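Subject: Structure handover

Hi,

Here is the structure I promised to pass on. Please open it before you read further.

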Amino acid sequence: MRHLMSPLDFSVEELDKLLDLANDIEKFPGKYAHACDGKKLATCFYEPSTRTRLSFEAAMLNLGGSVLGFSDASCSSASKGESVSDTIRIISCYTDICAMRHPKEGAPLVASQKSRIPVINAGDGGHQHPTQTLTDLLTIRSLKGRLSNMTIGLCGDLKFGRTVHSLINALIRYPGIRFVLISPEELKIPSYIREDVLRANNIPFEEVERLEDAMPDLDILYMTRVQKERFFNEEDYVRLKNFYILTKAKMDLAKDDMLVLHPLPRVNEISVEVDDDPRAAYFRQAQYGVYVRMALILTLLEIDTAKL
């Protein structure tokens, strides 16, 4: 039995196989419509979510399975003091696979150690968000045709942005990847990512503060919001929340084939005027999230897709 806590839980070869499956699901959805008949997915979300929770639910329903769970900690026995370990033991009695989001880093890992069913980390605090990373990889590969030899700009909250941390860990395994890290001083990438991931693996990167300076060189621009829920100080959030706003004028500085990605939700960091730009890929990215989560569910449930 396998779990997914980090994108590194899959080898590059396994990732390629998963992405191939997701692409096949996109092309031939009817082929997979009953692949999970009789299977149940539990969505245990201790933190608010729109895309991740609903895309997991859509993924399981598209596969013919069913879904149960909760969308807020106050709707579960966590509000009575039940531990994550006890909750997953109970969930294991009712369902076949679980997607868990939790504000505490490492909570899904604790759950996986006590679980009798596969557990998927659907985001744990500011740590990891592996299924968003799978979505990002599928989007880039599908629209660019490759996951190698690119300059990737990561912009915004690089300190608390779990999507950024997961994506860096995944992309450094592909050749020819270079990062431009765009953030204010207060939201720079954590030192453990800079030292233990980027420098330790000899990955070329530069850190800049002005988005305009980075735009001409980028193949991918990955925007992130400044996350109010990660701040301890309201004043710091207010000061930094609109530090970056991607506008049509800034897009004019970019390559004709650059793609703009965003894990969403968007607040003010991408102007709505950018939505009509053919390089804006963030809503297509959300659709790819359903396909890749369908592929992940099939993989972790060890369903033989060759027989479908």
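This is a predicted model: local features need pLDDT of at least 70, side-chain atom pairs count only at pLDDT 80 or more; totals for chains, interfaces and linings use all residues.

**The four-strand sheet**

Start with the sheet of four strands. It is open, and its order is E2-E1-E3-E4. The pairing is parallel. In general, strands of a sheet pair through backbone hydrogen bonds, and the pairing can be parallel or antiparallel.

Which strands stand at the edges? They are E2, residues 66–70, and E4, residues 119–124. Each has a single partner strand, so one side of each is left without a neighbour in the sheet. From one strand to the next, the twist averages 15°.

Look at the pair E3 and E4 next. Strand E3 covers residues 97–102. Four bridges join E3 to E4, and the two run parallel. Find Cys 98, and you will see Val 119 of E4 opposite.

**The five-strand sheet**

Now move to the sheet of five strands. This one is open too, with the order E7-E6-E5-E8-E9. Its pairing is parallel. The edge strands are E7 (205–208) and E9 (259–261), and each pairs on one side only. Neighbouring strands here are turned by 20° against each other on average, direction ignored.

How many bridges join E5 to E8? Four, and these strands run parallel. E5 spans residues 150–155, and E8 spans residues 220–223. Ile 152 has Ile 220 in E8 as its bridge partner.

Helix H7, residues 191–199, lies across E6 (177–182) and E7. H7 runs at about 155° to E7.

Last, find H2 (residues 51–62) and H11 (residues 282–300). Their axes come within 8 Å. They cross at roughly 60°. The crossing is right-handed.

Who makes the contact? From H2 come Thr 52, Ser 55, Phe 56, Ala 58, Ala 59, Met 60 and Asn 62. From H11 come Val 290, Arg 293, Met 294 and Ile 297. By type, the residues of this contact divide into seven nonpolar, three polar and one charged.

Best wishes

Technical notes. Residues are numbered from 1 along each chain as its sequence is written. Side-chain values use heavy atoms; hydrogens and water are left out. Axes are lines fitted to C-alpha atoms, for helices over the stretch in contact, and angles run from 0 to 180 degrees between N-to-C directions. A crossing is left-handed if the near helix is turned anticlockwise from the far one by less than a right angle, and right-handed if clockwise. Contact means heavy atoms within 4.5 Å. Ala, Val, Leu, Ile, Met, Phe, Trp, Tyr, Cys and Pro count as nonpolar, Asp, Glu, Lys and Arg as charged, and the others, Gly among them, as polar. Two strands pair if DSSP finds at least two bridges between them.
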